[in-house]
Amino acid sequence: INNLIDESKLKANKSTLINNRLTLEKYRNNYSQKFAKEKELKTAQDELQKIQLVLNFAQSEQYKSLVADLSLKIKERERVNNAISGIDWQVEVLTRTKQELEENIDSDIASLSDYITDSGSYTVENTEQEIVSIIKSLEKASADVKKSEKYKKLLTDINDLQKKYIQACKQLGLDSINQNKIKDALENKGKVEIKIRQLEQEIKLINSAKSKHSAELKLFKKEYKNHQNLEKTLIDNAKARFGIDLEITVAENKEKFEEKIIDLFVHYQKLSGKSGLKEPDIKSIISGLTLKEIISHLEQNKIPTGCEDEKKNHEHKLTAQFFFIDENFLHREILIMNLEEVLPENNFVITFKNKKLHEMSFGERCGVVLRLILSNSNLPLIIDQPEDHLDNKYIVKELLDLIKNKKQERQIVLS
């Protein structure tokens, strides 16, 4: 049939359609990056918001007051603890000194025992008692400080201030803030702001791809309409050459068209990472809807009528909800763009003397094809043993007269 209706003209037109489709695909692919970029932008904006909260809190009077009070209390605690540590250290030194003193005196007296009549009379009890007295005094001072109400209040005040500080941070949705975090926030703020501006610019360019896709889609549909008109003209010309007995029509292959749409739904379901959805449910949902109706339901986030019927199974309802209303289905917009590019799947239907070609016998089909070939050109034609594939009745009644008429226009050789 392509040969009959001048395939070369259709090919040139189809080539334009293919180029248009490639351009559409390029814009659509560019636009599909939008989701990842928007997610990245949201993360950066959240990060900047936290940074700003840290910096705002660090500059607030509440923060300054808490930090000042806490700093004074902590310094006082450090001063007292350092003093207690000093006392404890001195106790340790005196204890070691007492032990060393006893050991050294005992050793020295023992070494002089040959020269001393009563070595037991040489002791330093008074000195040892004084050291013990000092140790006990220091230990009591350390214990008294730790048990004092003033010291306990100091520790309680510090604990209360720390709780207030943590609570103030939590109210702002922040972890506990310290000087390092404030320093990091100051350093990172500029970097995050630059990143946000870059992402906003990239998203702006990506959004422009959608408007370009829409404009290109109009041209694509217009070109397809021109293709249909050209196809009709070429078919009419072919019918005129062949005669009134031939009828060529273009019929939409609905089964293949529906299959293409289902494939798109399945593809974007897989991209979204959604599992548990079944192809038969998708087919059932879109069955009976035109492409325009499917797109309209997707755009309006509206489930097709009947999909939430009580008679429908749970999986069927879940499938419909996911594709048409679920906010987590981020590829809905890209699916719509892809559906807008889908063209009907057409088949040629030939009818000869009110009988469709696919309903004819093999011999009858060969007769129609031969008639098409004879009607289509003035180039020389060689036919090898036509009787092998043609009905005798057709040869006698139609082919002989057709050859006689056509031999005036072209050279025909039968072998």
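Lys353 sits in the loop between β2 (346-352) and β3 (355-356), with helices (H or I, at least four residues) and strands (E, at least two) taken as DSSP runs and numbered from the N terminus. The phi of Lys353 is near 50 degrees, a positive value in a residue other than glycine. At 44% relative accessibility, Lys353 counts as partly exposed; buried means under 20% relative accessible area, exposed means over 50%, and partly exposed is what falls in between (1.4 Å probe, protein chains only). This is a predicted model, in which local features need pLDDT of at least 70 and side-chain atom pairs count only at pLDDT 80 or more, while totals for chains, interfaces and linings use all residues. Residues are numbered from 1 along each chain as its sequence is written, and side-chain values use heavy atoms, with hydrogens and water left out.

Asn301 also turns up with a positive phi, of about 50 degrees, although it is not a glycine. Most residues other than glycine have a negative phi. Asn301 is in the loop between α9 (291-299) and α10, and with 40% relative accessibility it counts as partly exposed. Another loop residue, Leu330, is found between α10 (314-324) and α11 (332-340). Leu330 is partly exposed, its relative accessible area being 48%. From the C-alpha atom of Leu330 to that of Leu172 there is a separation of 31 Å, the two residues being 158 apart along the chain.

As for the overall picture, the secondary structure comes to 13 helices and five strands. The radius of gyration is 48 Å, well over the 22 Å that the globule rule gives for 415 residues, so the protein is more spread out than a compact globule. Here the radius is taken over C-alpha atoms, and the globule rule is 2.2 Å times the number of residues to the power 0.38. Along the principal axes, the C-alpha trace spans about 165 × 60 × 50 Å. Of the 415 residues, 33% count as buried.

On to the charged pairs: twelve salt bridges come out of a search of the whole structure, each being a side-chain nitrogen of Lys or Arg within 4 Å of a carboxyl oxygen of Asp or Glu. In one of them, Lys37 pairs with Glu202, and the closest N and O atoms are 2.8 Å apart. This pair links distant parts of the chain, with Lys37 in helix α2 (residues 34-59) and Glu202 in helix α6 (residues 179-242), 165 residues apart. Both ends are partly exposed: Lys37 has 23% relative accessibility, and Glu202 has a relative accessible area of 31%.

Within helix α3 (residues 61-111), Arg79 and Glu76 are three residues apart, so about one helical turn separates them. Their side chains meet in a salt bridge at 2.7 Å, N to O. Arg79 is exposed at 51% relative accessible area, whereas Glu76 is partly exposed at 30%.

Helix α5 (residues 149-171) holds Lys153 and Asp157, which are four residues apart and therefore separated by about one helical turn. The closest N and O atoms of this salt bridge are 3.0 Å apart. Lys153 is exposed, with a relative accessible area of 51%, but Asp157 is buried, with 18%. Lys73 joins in as well, as Lys73, Lys153 and Asp157 are linked in a network of salt bridges. Tyr151 lies in helix α5 too, and counts as buried at 12% relative accessibility. The C-alpha atoms of Tyr151 and Ser107 are separated by 45 Å, and the residues are 44 apart along the chain.

Finally, there is a negative surface patch made up of Glu255, Glu259, Asp263 and Glu279. Patches are made of residues with over 30% relative accessible area and no salt bridge, with like charges joined within 9 Å and nonpolar side chains (Val, Leu, Ile, Met, Phe, Trp, Tyr) within 5 Å. Asp and Glu count as negative and Lys and Arg as positive, while His and the chain ends are not counted. The place of a charge is taken as NZ of Lys, CZ of Arg, CG of Asp or CD of Glu, and accessible areas come from the Shrake-Rupley method with a 1.4 Å probe. Helix α7 (residues 254-272) gives the most to the negative patch, with three residues. Glu279 has its place in helix α8 (residues 279-286), and it counts as partly exposed at 45% relative accessibility.
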